[in-house]
Amino acid sequence: MSVSPLQRKKLIDLFAVFDVNHSSVIDWNDYEELLAKYKKTFGLSDTDGKVTKLKAALKGSWDVLASADTNSDGKVSPVEFVKSYAARINSKDIKFAVDFAKVFFATLDEDDSGSIGEEEYVKAVSVYGVTAPHAKAAFKHLDVNGDGKISVSEIEKLTSEYFFSDNSKVPGNWLFGKDYTN
């Protein structure tokens, strides 16, 4: 199972995004910390419907990722993570990318408008550790049609580009605020 050097780099960077507590492994604790950061950033309580939906989506995401835990220690190492995602990329399993996009979109669409504006994007990706200047630069690349917002269908396409493209210049590479053109 092989992915290109660019895809491997993106997967390693994505691992770092989900290793919220910087323990060098991903486990359910990282997802709980991510949810706590999201609630704090958006001023939400456990009883908010958006939190309930996000928690369910994160649980589903964790259940998929937990299948990468080949040594059954309840944690996903960087090697397990890259190997699992590389297998999905190589099998052209678009479903995982679309499912990921839906979870990601749910965290970004603060006002439930069906689209993400720059302010929503900047605020939401701060939960993942992306700084405001990087987020603003990324949004300009992600807003491909220049209408000032990103729809769920656009985020699905961008997410697919992030995972499947070996082209360093596609807009989807900016999903988490990184510039892969260099």
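1. Tyr162 is buried, with a relative accessible area of 2%; buried means under 20% relative accessible area, exposed over 50% and partly exposed in between, with a 1.4 Å probe and protein chains only. Phe163 is buried too, at a relative accessible area of 2%. The ring centres of Tyr162 and Phe163 are 5.4 Å apart and their planes stand at 90°, so the pair is edge-to-face. Rings of Phe, Tyr and Trp (its six-membered ring) pair if their centres lie within 6.5 Å; planes under 30 degrees apart count as stacked, over 60 as edge-to-face and the rest as tilted.

2. A note on the source: this is a predicted model, in which local features need pLDDT of at least 70 and side-chain atom pairs count only at pLDDT 80 or more, while totals for chains, interfaces and linings use all residues. Residues are numbered from 1 along each chain as its sequence is written, and side-chain values use heavy atoms, with hydrogens and water left out.

3. The structure holds 12 aromatic pairs. One of them joins Phe18 and Tyr31, which are stacked at 6.0 Å centre to centre with 15° between the planes. This pair links distant parts of the chain, since Phe18 is in helix H1 and Tyr31 in helix H2, 13 residues apart. Helices (H or I, at least four residues) are DSSP runs, numbered from the N terminus. Both Phe18 and Tyr31 are buried; for Phe18 the relative accessible area is 6%.

4. Ring pairs also build a cluster, whose members include Phe15, Phe18, Trp28, Tyr31, Tyr128, Tyr162, Phe163 and Phe176. The charged end of Lys10 sits over the ring of Tyr162, 5.5 Å from its centre. The rule for such a contact is that NZ of Lys or CZ of Arg is within 6 Å of the ring centre and within 35 degrees of the ring normal.

5. Does the length of H1 agree or disagree with its residue count? At 1.5 Å a residue, its 14 residues should span 20 Å, and the end C-alpha atoms are 20 Å apart, which agrees. The expected span is 1.5 Å times one less than the number of residues. Buried residues in H1 include Leu6, Lys10, Leu14, Phe15, Val17 and Phe18. From Phe18 to Lys92, 74 residues apart along the chain, the C-alpha atoms are separated by 22 Å.

6. The second largest pocket contains about 200 Å³ of space. Of its 14 lining residues, the closest to the centre are Val17, Tyr128, Val130, Phe176 and Lys178. Helix H1 (residues 5–18) gives the largest share of this lining, 4 residues. By type, the lining divides into 8 nonpolar, 4 polar and 2 charged residues. Ala, Val, Leu, Ile, Met, Phe, Trp, Tyr, Cys and Pro count as nonpolar, Asp, Glu, Lys and Arg as charged, and the others, Gly among them, as polar. On a 1 Å grid over the protein atoms alone, a pocket is an open set of points where a 1.4 Å probe fits, with protein on both sides within 12 Å along at least five of seven lines; lining residues have an atom within 4 Å of a point. Points are joined across faces, edges and corners, and a volume is the space filled by probe spheres set on them.

7. Two loop residues deserve a check of their backbone. His22 has a positive phi of about 55° although it is not a glycine. His22 is in the loop between H1 and helix H2 (28–42), and is exposed at a relative accessible area of 67%. Ser72, also not a glycine, has a positive phi of about 55°. Ser72 lies in the loop between helix H3 (49–66) and helix H4 (78–90), and its relative accessible area of 64% makes it exposed.
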